[in-house]
Amino acid sequence: MNYEVLVIGSGPGGYVAAIRAAQLGLKTACVEKGLLGGTCLNIGCIPSKALLHSSELYSALGHTYAIHGIEVQGARFDFGKMMERKKGIVKSFNQGIAALFKKNGVTLYPGSAQLTSPTSVKVLGEELTAASIILATGSLPIDLPFLPIDEERIVTSTGALSLPKVPKRLLIIGAGIIGVELGSVYKRLGSEVVFLEFLDRICPTLDGSLSKAFQPLLEKQGLVFHLSAKVTGAKIEKEEIRILYEQQGASHQLSGDVVLVSIGRRPYTQGLGLEKVGIQLTEKGQIAINGRFQTSVPTIYAIGDVVDGPMLAHKASEEGVAVAELIAGLHPTVHYMAIPSVVYTNPEAAGVGLTEEETKKLQLQTKIGLFPFKTNSRAKCTGEEEGMVKMIADAQSDRLLGVHILGSHASELIGEAALALQKGATALDIATTPHAHPTLSEALKEAALALHGRAIHR
Amino acid sequence: MKVEIKVPPAGESVSEATVSRILKESGSFVQVDEEILELETDKVNQVVYAPAAGKLELSVKVDQLVKIGQSIGSVDTEVQMPAQMPKAEPTKQAPKIPQPSSSAAPSARQMPADFLAAPQKPAPPLPKAEEPAQPSSRKKMSKLRKTIAERLVAVKQQTAMLTTFNEVDMSAIIKIRTKEQESFQKANSVKLGFMSFFIKATLAALKEFPIVGSMLEGDEIVTPTQYDIGVAVSTERGLMVPVLRKCEELNFAQIEKQLADFAKKAREGTISLDDLKGGCFTITNGGTFGSLLSTPILNPPQSAILGMHAIIKRPIAVEEQVALRPMMYLALSYDHRLIDGREAVLFLVHLKNNLEAPARLLLDL
């Protein structure tokens, strides 16, 4: 069969690219070797958010409700039901994408794809040709040589989202976003959760001061962090798994019933026949692309986790839309400064644009505005007073460079900041925008005012 | 083979143009006759089309001034569209990554470095009580607007322009239009408007008073032997005056059809320079916007322009009685260097008489 556009991978990059290409009138097919929706939908964002919410509801019974004068006795949870609910959500999204493909006329080819030329791939023995091919193959968890993943006792995020029961002791290697999210889930459900983190702070992609303020909030919930800890080996025994690590020159060990390895992800580039058609990789193993998402073979494009940039579903989707529009002859732009990143714990953490550390590295002259939620009226009403908004703007032009939020609903609040950055708005633009009262969003306005030394409620 | 793209000729008096928009980026593939870029001259915007199919290379940028006939790029016909690309053999030698810098096509990836390099608005001054903010915006005048401005001032300075007025009772024409509209539309697939009557009446008056359609050229008076009448059309880019050729040979339906065609072209921005060239007289209708009375400015080198206005029911004296009639004021601005008051006034009276008794048009009066 011959297509105008062939997409390899149906994650949030691939399926969005395929639908956009079809919308633009291009004859489009999508190849998927697993389930529709890729990592995000099946073993990532979606199932983890389902479990995060279920576990948070249970946890709130024990803590938050009492603050509001609500007493609950004998609350129990059924882990099996939680997991069933999660599976149902994932399945409905699988079907949703299949329906969207059908509606838009995207042909789905289940199977693995191998490139055979700059304009053709082989799927289950069938040769498909296309004028443009989009690689959207995503990424895989990185593992450690001495910890063979069995997804039962030694798990990646994939296994951690499908454990048969709540482990008594969960040991997590890597206190990044995935680690603290899954750690939160099991801590709320009763596990002892301990982290070993190589760096000296948790969630290293967050703005430094947010990361520092974040850690004690999670510790208060019972999460235990060992920072600057280098994992050196493991002893896998019948009863438990012992992890050996070094901290400040001394050797230590910790044991757990289940070990989650969440030390990052690597681009999925194997078995695609990249070398056969001459597609070059970067030093980091990502597919090298130019400003128009073209690989070293101009008819083959690449987007999402398999190329450079943050490994985020929405980043991949933006690139998917852009690449489809480029192929159709339009002139799209992806604004990398405006891609938000979110940690869905409680409280949440979210950031967009540059961190304070990045602005320093770039030697930018900045002004910073801070506003804590404890003086925000809505946060007071709901009892969600933890956290703050941090806003960074250029000292001369006042243009926003970064916005960082630690607090409940940060994931929703960050949207306003992303729009502001996309539009090149100034702190004053936010400061002079009316925000409803009382809302958490007022904290953004106040942080912008604080940046000019004009905060009203501080 | 590389086919050169040249700035097409754009009418006699036009020697240069500005690149106003690039519609196809350099490095992209084009089909024959695909729109490549838009040129702005002091008369009209004109689209340049691809002379052949292939890979486009442009050597000009937006806002660049180009001369008529100048080469502005080429189409390489040996590079085929990617869609038609034959199945290539696996590349032996890994090709170099096409970097954004090496390709002229713009990047779709706005990285943080691009964000930081982008021009920033200066820091907004904090509004102070004693300096009330003056909200305003600024943009560059288009070439067309600039030309209109220069020409209007030139007319005011270089002619002896004045305006004479009259009024016309539109009852008769309205009656014809109401009565015959349906059959006219059925026969011609176009609406019967007022303008065709005005063009017919103008034609009759011009034949009677040829000096009104004449032009001054140095110390000579040029009187056309063919009646080309321009009709002003308002567009988003400014006022344009497409010209109906040989009005003496056109019937009502042909006039209405041409006018509809011009209106469509003006809206779509596809009016060509040929449509705008020449003309010995212009009609402008301020009435479409509700103007009751105005003094139009001449369209040089023409010597006269007729202004139509809104039709409004007004009491007038008819046979010793006051009657309510649909009235329109007419204005004729003319160059007094060439046209005497007598001719101008009689021209307008002639026009009025024919419009009030359209049967006269049948009799060539």
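The structure is a predicted model. Chain A contains 15 helices and 23 strands, and 52% of its 458 residues are buried. Of the contacts in chain A between residues at least 6 apart in sequence, 65% link residues at least 24 apart.

**A parallel sheet and its helix**

Five strands of chain A form an open sheet in the order β8-β15-β9-β10-β11, with parallel pairing. Strands β8 and β11 of chain A stand at the edges with a single partner strand each, so one side of each has no neighbour in the sheet. Strand β10(A) runs parallel to β11(A), and three bridges join the two. Within this pair, L196(A) lies opposite H226(A) of β11(A). Helix α7 of chain A packs on the sheet, where it touches β9, β10 and β15 of chain A; the direction of α7 makes about 160° with that of β10(A).

The elements discussed here span the following residues.

| Element (chain A) | Residues |
|---|---|
| Strand β8 | 154–155 |
| Strand β9 | 169–173 |
| Strand β10 | 192–196 |
| Strand β11 | 224–226 |
| Strand β15 | 258–261 |
| Helix α3 | 45–62 |
| Helix α7 | 177–188 |
| Helix α15 | 442–451 |

**The α3–α7 pair**

Helix α7(A) also packs with α3(A): their axes come within 9 Å and cross at roughly 35°. The crossing is left-handed. From α3(A), the contact draws on S48(A), L51(A), L52(A), S55(A), E56(A), Y58(A) and S59(A), and from α7(A) on E181(A), L182(A), S184(A), V185(A) and R188(A). By class, five of these residues are nonpolar, four polar and three charged.

**Nonpolar cores**

In soluble globular proteins, nonpolar side chains tend to be buried together. The largest nonpolar core here has 150 residues, of which L6(A), I134(A) and L135(A) touch the most other members. Leaving aside residues up to four places away in sequence, L135(A) touches I8(A), L272(A), I287(A), I300(A), Y301(A), A302(A) and V306(A). A second, separate core comprises 46 residues, including I199(B), M328(B), Y329(B) and L351(B).

**The surroundings of L444(A)**

Residue L444(A) belongs to helix α15 of chain A. L444(A) is buried because 26 other C-beta atoms lie within 10 Å. Beyond residues up to four places away in sequence, L444(A) touches V389(A), L413(A), E416(A), A417(A) and I430(A).

Notes. Residues numbered from 1 in each chain as written. Chains lettered and ligands numbered in written order. Predicted model: local features only at pLDDT ≥ 70, side-chain atom pairs only at ≥ 80, totals over all residues. Helix = DSSP H or I, 4+ residues; strand = E, 2+ residues; numbered from the N terminus. Buried ≥ 20, exposed ≤ 12 C-beta atoms within 10 Å, placed from the backbone. Contact = placed C-beta atoms within 7 Å. Pairing = 2+ DSSP bridges. Axes fitted to C-alpha atoms, helices over the stretch in contact; angles between N-to-C directions. Core = buried A, V, L, I, M, F, W, Y, C linked by C-beta atoms within 7 Å. Left-handed = near helix turned anticlockwise from the far one by under 90°. Nonpolar A, V, L, I, M, F, W, Y, C, P; charged D, E, K, R; others polar.
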